[in-house]
Every structure is written in C-alpha cells, then in structure tokens.
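Good morning. Please bring up the model on your screens, and I will go through a few places in it one by one.

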Amino acid sequence: MHGFTITSREALPEIDGTAIEGVHEKSGARLLFLQNDDNNKSFAIGFRTPPRDDTGVFHILEHSVLCGSDRFPVKEPFVDLLKSSMQTFLNAMTFADKTLYPVASTNEQDLFNLMDVYLDAVFHPNIYNKRQIFEQEGWHYELTDDGGLVYNGVVYNEMKGALSDANDVLYDKIQALLFPGTCYAFESGGTPEAIPTLTYENYLDEHRRHYRTDNSYIILYGNLDIDRALAFLDERYLTPIADEQRERDDARAAEGLEALVPREIEADASQRFVSMPQLSDRCGGSRDDSLTVAVPDGFNLPARVAHVRQTMDTAPENACAACGYVIGTASERVRSMAAEILLDALFGSNEAPLKRALLDAGVAHDVRTYVSDALANPFALVQLQMPAEGAGERLCDLLAEEVRKLVGGNFDRELVEAAISHAEFHMREHDFGMSDGVAYAVLSLSGWLYDDSAATANLRYEKEFAELRELLADGYFEQLAVELFCENGQVASAEIVPTPGHSNDEARERLAEKAQTLTDDDRARIAAEVELLRELQEAPDSPEAQATLPRLSVADIDDAPEEPRVDLDWKTPITCVRHSVQTRGIAYAYRYFDLDGVPFEDLPYVSVLSNVLGKLDTARHTAAELDTLAQGKLGNMTFFSDVFERKGAIGQVCPKFVVSASALSKNAQWLSRLPREVMLETDFASETSRAKILDVLKQRKIVIEHAFSNSGHSCASARLKSYYTQAGVVREQLGNVGFYRFLCELIEQYDERADDLAENLERVAGLVFCDDRCTVSFAGSDADYDAFWLSGPGCNRKSDGETRLVIPESKVLNEAFVVPSDVCYVATGWDRRLLDVPYSGTWSVASRALSYDYLWNEVRVKGGAYGVGFQSLRSGNMRFYSYRDPHLDDTLARFDAASDWLSSFEPSQEALEGFIVATVAGIDAPVKPRELVRRQMGDFFTLHKPEERTERRREVIATTAADVRELAGAVRAATDKRAICVFGNREILQGAKADLKIIPLVG
C-alpha cells in the first residue's frame, strides 16, 4: 500500500480504536497508525539519537532543523506555523536517546501542511547552507563593551537556566552513575560547559548519521484519510529520500569513508566508569575522577556506586539528594508499571509508609519519587529535598532497612490496591496535558525504540491492570520492593551540596583565557560573524520564500464547535451549575466557597488550609486511612484557592476556596462523603497534626522556591499584577511572594505559633465552609449526579452573612527578586481597563502577531531568551514576559519598542489571515472535560455569557490590519507606566540600568 507493508492490525481498546503497524519497504521507515474517531489528529516522526557527549548536539539540531528547509526556505517555518496554522500542538522534543517532532490539528488539510513542513525540515534542513543557524540556536561568541567575550545562543541560554536547577543536576548525576559508558551518562540537552565545544562540522555529521529514513519512526493518529497520508509520505518524502541517502552512502563508500550508521543504544556497556578514589589521589587527580576500565564477561560489578557529593553554586534551600534504582528493561512493561504503583503506595503522600518513616526520622523536609521510563532501562528515583546532614549518604541503607521492616510484617496490600486504582483512573481519564495523539507517540517510542515488536506495548493497560491485581494477591509487590531496594544490582546515590558564591564557572574561565589570546583580527572576525548573524536575523523573508509555505485562509475555518450546555439547578440543596460535558464514565464535582467572609489579613491561612486538608487525621479516619480511601475511591481530591474578576469591573474581585474531586461512576457517592469529612472533621490541634502541618509547610516552601527559579515569568507576572489591580493584591496574599514571606516567617516561628495556627485554621474553616457561601459545579451522568446529592455534600451550616474582606489598594513597587538562577524572567505591563480601553477579539490577533513575529525575533532569536510573549486578556491584564532570558535592559527596551512595531503593522493579506486562522484555532481547540468544566465556571463567576465566546471569535475573523494598528496606543500607554517585575540572577540584576529595587528572595 503506497510502498508500505502492513505487518499487523489489531484492536486497541485503550484508545477506542485500532493499531496498524507497517514498514516502508524502500526507505525502512517504521509506521504506526492509531486509528480512531478523534478529530484532533496528529503526526509525529522520531529518530533514535543517543548522544556520546554533553554538547547537546541533538537538542541543538532539534531547534535548528525547524529554521528553514529546501522546500520552505524561510527563516522560521516553525514560527510561521505557530502564526498561521490551526495546530493544536506544534513542538519538538529531545529525550535522552531520541528526538521527536509531533504536530496535531483538527483540520486534516492543516495536518498535511504541518507534515509537509516538518518532514522537509528534518530531512532537508537549511543547516548545510547557513552556518548562522548553528550559531543562533547553539552557540557563538560575542564581544562585550569592556573587551571581554560571552557566549550566546538559544540552547546555550536554555540549558543555563535548566541546569540552574539543582534537581535537574541531581537527576543527571544519578542517571550518569547508573549507566556509565552509555548514552545515558550524558546530558542530552547539553551543558553550558560543553555546548561551546561543539563544532559546526560535528553538528552536521550527527544530522547526516541519525536523520535517516531507516532510523525513523512515524506515528499517525486519529480520524484521518490513511490512504492519502501513506501516498503523501511515500511519494513526497520516503521514496525520493531513500534514493538520495543511498546515493550519498555509495559516494562515501567509493571515497573509502566509513558509512554513517546511526549509533545503537547501549544500555549495558562492556566498559564501565568505576570510581577509584585512592588511585586517583596517587595519580594527582580528584577523588571525584573516574577511570574507564574494561569489565570482563561474568565479572560482577559492585552492587552500588559509591555515593557522590557534587557542589553547586546555589541557595542552601536547593540542597537535595537521591538514590536511583534500575527497575529492569523497557520490555518489562508490567514490572515498570508495578514499580510506579509501588512508589505511589510507599511514598505518594506524607502518610505513605516509607515517606512517613523518613519524615518522622527528620531525614529531609520532603521526599519525592518517580519512575523515569523513557529509556532502555527504566529506573526509580527517591529524592530528598533539604536533607539532614549525612542523610544523602545513608539514604540507600535507610530505604533498604525500612523496606525489610515493612515486608517483614506491615506491608499493606490494601494501600497498593488503592494505588493501582489511582493509576488506572488516570489512564482512563486520558488527560495528558497535550493532544492524545502526541502523548501516545511519546509513550509508543518509549518501548518501540528498543524493540520493533513493542510499538503498542506502552499504550496497553487493560490486561496489565488485571494482571497486577492478580500479582498483588500472590505477594509480587512485596518481592518487588525487596528486589528494588534491598537486592538491586544497579543502584546509585548522589547529593547536591550548595556552596553559594563559590562558583566553578569553567565557561567564564575559558572565555577569559580566550579573550586574552584574541588578536585584532580575531576580534574583527567575531564582530563580523555576529554582524552577519544579525543581518540574517533581521532580513525579512522574500515574498517568494513566504509563498512556499502551505497556508489555510479564513475561508478554510470551519464553523465554531458547539459548546456543551450549562444549566443552573435551583432544586438542589446548594446552588449547582450542571455541565453537559461528555466525561467518559468519570464524574467531576467542584465546590466553590466565597471568601468574602474572611478578613484580608487571614487569607494566608486560607492557603495553609488548602495545603493541609486531606493530610491530617479526621474524627473518623487517620491521615493514612484517609489517604488510602482517597487513592482507592477517587481520581483526585484537591483543595485550592482561585480569584475571579467580574466582567468590566476592576474592583469586583471574587476569591473562592475550591474543593475538587473526581471519581469513576461506580464511586460517585464518594465525591460527597470524603471531601465533606475532610472539610468539617479535620483535626488541626493534636500533637500529631502539629508535626504533620510543619512537614506540609516546609514542602510547600520548597515548591514555591522551585517556581521562583524555574517558572519565574509566571511569578513575575503575578507579582506585577498586584502593582495595579486588587485581584493581583489578593492573589499575592494567597500565594507567590506575599504568601511565601508569610510561610517563611511561620516556619521560623513555628514552635511559638503552632497553637495559634491550629486555632486560626479552625476559625477560617468555619468562615469558609458554609452552604450559603457555596456553589457546586458538577459534570457526569444523571446517575452520578443523583448519587452525589444522595450522599449529602452539604456542610449543614450557614454563615453569619458578614463581609470581612477589605482589599488594600495596589501600588507599583518595581522589584527585582534575586533567586538561584543563571538567567532572568522579566515582566512588564498594565491593566487595559485602567486605560479605558475596551476588549475585543482583535487583541488576540495582536497578541499572536507580537509574540510570534516581533518579540520572537527580537528577544528570542537576537537576544537568546528561551521564551517570550505578550498577552492581553479579556480580564484586562496586559503583560510582556520573557523566559530564561540572559538580558534585562535589552529585553525591556524591546518591550518598549513593541508599540512602534504594532503601529506600523502592515502584513500581507496571507500573513494577516494566518494570524487570524491560528487565533481561531486557539479558541476552537478541543479541551479535556476537567478543563472545560473549569473554563465554564470561570465564565459563570465573571458574568461572561457563553455567546460571548462566539462573538469574540467573529471579531477575530473580522480583524483588519488597521484594527491591530489601533491597539498600538494602548500598548504604548501600558509600557509607559513602567511597572516592572523581574526574578533572576543577582549579577544580571545588579548590572542592569533599570530602576528596580533589588531584593534577595531565596538563599
């Protein structure tokens, strides 16, 4: 069939469809078609790409191939597609041993357009014609004003940000220790030290070697015309490219050159890196050095790699340690699933037995676990956050000791059964946070890459869950616990030891040495190369190049998808919003409690309440029993706060305390029973609760600190909003910097404040959990709905009706928060309503144009930031932000100039229609039931009517270039307010000219 031989066809109930496997005979390309009725179709092509060093070559190639190709010779086809297609997913991913290029769309022609651009990109990229692509996406030198040198490049700056995170560094270290001598010993994303050692020639060689049809895996998904798709793949790409590759292979052979064969993935190397500190000392090396030694067949390596301590210039709060345990091979699917379930049972909550044992022993502030299974040998990680002195080195022994105790007499199979149910719920929910087809492509390659017969192994779970329940009764999980933690032949442990201010910056030293050796000619050459790169970045694509891109027009936009109905049920004991969303046998229940009865100064206690509920004893159950019940009966039970702003009214803020629960239909009655018990019967005052609350507070502090350093653009934007809106002020009191400061003080003074805290939590819970302050949101079948109400979800108490929430006025503070990071996160903006500027769908078009045209080119391409964008939301908030940004002043200057760019916005008709099509696609993009229910409740509380979504869509479609230009004045007025918030690196902040108050926040 169009050059493909179909090798298997079988039902796959897990995707409600059929899996069809095949191979393209001439090219060797492998094919998997996951056929079902999902209209959100997808395509992905992946390659086996095992690295052999830390240069991040495959990460740089992932970025680079999407910078133009033979058929589509524009600078940024990836961005052009973001600007102009109906994509519901468009990205690329570098894993430890593979690279994946997935796209998704609800429009079949659009999907074929995306396939066309992506396939030409991976097989015929412009990287061979334009060295500047390597320099832009990878690295290049730049001269500083004082005569020094710096590195710049998108991937270089991305990895500086990523490896500012001690958790990422620890993970890399554990993986390298577990798999020495293999591709997994290297950071596939690249390290800032190694990236500048990558040469252009080696970069091209790795593309030639690995981006081959016979090293490719193609995954198609959804309700698409498979005959058309296979014909397109065969005729346009696979057959002609196979001929091209064969000609190149023959030419190399004729020249006596080695064949460019893709490297294999060697999970079990015949050579291992063995730590030999005594010998290293005698040879004048470091005790952390390793020697490569040949390991004869049959020779048993030590069961455990010696514990490694790695220093890092980061805040003391980022100290962490971990043990890694190899589970088995990728082919052992049930064993990997069982290991993940076992970790959830033993460590998944503060009451899980092994986590509770470690917390009670004072080993660390938090214990986290997960299974890393996207590699040939999946492994489990047990990680300590802020470990006690010496805990990292003792961790493996402590875990082995606790497991032996547990298996010796207290192993709770009911807890494991609950963990199995919990895992099964999430597999059935299919809420992957991305298009289903893309998620399935990732899962598929996590088995298929290592075994041609395992294309669907990781997609199946029905039989596996049945088998796991049978194994539970036979003692399998006890044995697995012993095998993993007590008898494992591949174990590694490491820790990150913060040494603030003692950076071993090899890159800086290397740059300083390089700068001293530069001649005048060298400096002139570097300046000329940067100038050439800038010219390439600034030069517009020619009309001829632009015309090559496949585009949809406004005429291709389908009718708006029908929005599920929302009804208000006044007959229920509590006002209920009923959603007619199709939920696939799952019920979702939300309770929204008004917070207007809580004084502003008590809002931090609301956040503490949301963090501790479900983690303490109640009048009927211990916290451990409660946890088992929640795992076994519910899909989730969470507590959080949310803040809504009434339509068109700046001062009308509606903060809510939200109680969320979901369950399979057979457990719908538990949606009422369990959350109600937690809300009304939690014991805050016992000695046991006091200790557990402190654990939760410390863990929450760690999570917030991680967000400051890794999602700083979101934190800066949230803080920024508190400068000019009362909603932002409330959010700061409930979270982010405002709550973090409260949390730090509370933890520091906990012994003195514990009793008062318990009283405050009890008091605030009494103010919040009142039926007359509650609105219920429900999605599920009629039977689920009846079961929910028959179980009595109400609190059976009424408030005093008093409004106590008085919100202080906002104030512009212009802060720069110092956090442990090598980059910055910059935000500036204002509220459109304060400028008396109305909202329309045109703002969405302008936001896309600014983000993916002007800002992408100025801040990401030229400035080297990993991410950048502009948003103008219907709530009123307007913001510019950058992500993992090496600059501050330059970025702010580019934000300031955005209004000038917008005022001269003169796109071609095709480009304008592209922005419109992409914007409509964002409005129409399918969402999962949980997300849709939450969105509808947002409309309900903000007083937005469902038909406004349709009106906004019409405004988008009717947008003209003149409409967009008219918004420039509002954008200029927003940046003129000079409201700025930044999170980032101390050195960058101190060296900036921006008038900001620099505030140490973490460390």
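I will start on the surface. L568, W570 and F940 make a nonpolar patch there, with an area of about 330 Å². Keep in mind that this is a predicted model. How exposed is F940? Its relative accessible area is 32%, so F940 is partly exposed. The cut-offs matter here: under 20% is called buried, over 50% is called exposed, and partly exposed is what lies in between.

Which residues gather in it? They are E193, E506, E509 and E513, and the charge of the patch is negative. Take E506 as the example. E506 belongs to helix α17, residues 506–517. Its relative accessibility is 39%, so E506 is another partly exposed residue.

Next, salt bridges. Side chains of opposite charge can pair when their charged atoms come close. How many salt bridges are there in this model? The count comes to 69. I will show three of them.

Are the two partners buried or exposed? R236 has a relative accessible area of 34%, so it counts as partly exposed. D116 has 8%, so it counts as buried.

The next pair is D214 and R212, whose side chains meet in a salt bridge at 3.1 Å, N to O. D214 is partly exposed, at 35% relative accessible area. R212, at 9%, is buried.

The last pair is R356 and E351, with 3.2 Å between the closest N and O atoms. Here R356 is buried, with a relative accessible area of 11%, and E351 is buried as well, at 12%. Which residues are joined with these two through shared partners? The network consists of E351, R356, D360, D617, K692 and D695, joined by salt bridges that share partners.

Now the inside of the model. T891 is found in helix α30, residues 889–896. Its relative accessibility is 1%, so T891 counts as buried. What does T891 touch, apart from its neighbours within four places in sequence? It is in contact with V826, V859, S882 and D885.

Stay with buried residues and look at helix α24, residues 712–721. Why is α24 described as largely enclosed by the rest of the structure? Because eight of its ten residues are buried. The buried ones are G712, H713, C715, A716, S717, R719, L720 and K721.

For backbone angles, I have two loop residues. N796 has a positive phi of about 60 degrees, although it is not a glycine. You will find N796 in the loop between α28 (782–790) and β24 (815–818). At 65% relative accessibility, N796 is exposed.

D836 also has a positive phi of about 60 degrees, and it is not a glycine either. Where is D836? It lies in the loop between β25 (824–831) and α29 (842–862). With a relative accessible area of 71%, D836 is exposed.

My final stop is a pair separated along the chain. E401 is in helix α12, residues 391–410, and is partly exposed at 42% relative accessibility. Between E401 and F485 there are two distances to note: 84 residues in sequence, and 8.9 Å in space from C-alpha to C-alpha.

To recap, we saw a nonpolar patch made by L568, W570 and F940, and a negative one that includes E506.

Notes. Residues are numbered from 1 along each chain as its sequence is written. This is a predicted model: local features need pLDDT of at least 70, side-chain atom pairs count only at pLDDT 80 or more; totals for chains, interfaces and linings use all residues. Side-chain values use heavy atoms; hydrogens and water are left out. Patches are made of residues with over 30% relative accessible area and no salt bridge: like charges are joined within 9 Å, nonpolar side chains (Val, Leu, Ile, Met, Phe, Trp, Tyr) within 5 Å. Accessible areas come from the Shrake-Rupley method with a 1.4 Å probe; for residues, only the protein chains shown count as cover. A salt bridge is a side-chain nitrogen of Lys or Arg within 4 Å of a carboxyl oxygen of Asp or Glu. Buried means under 20% relative accessible area, exposed over 50%, partly exposed in between (1.4 Å probe, protein chains only). Lys and Arg count as positive and Asp and Glu as negative; His and the chain ends are not counted. The place of a charge is taken as NZ of Lys, CZ of Arg, CG of Asp or CD of Glu. Helices (H or I, at least four residues) and strands (E, at least two) are DSSP runs, numbered from the N terminus. Contact means heavy atoms within 4.5 Å.
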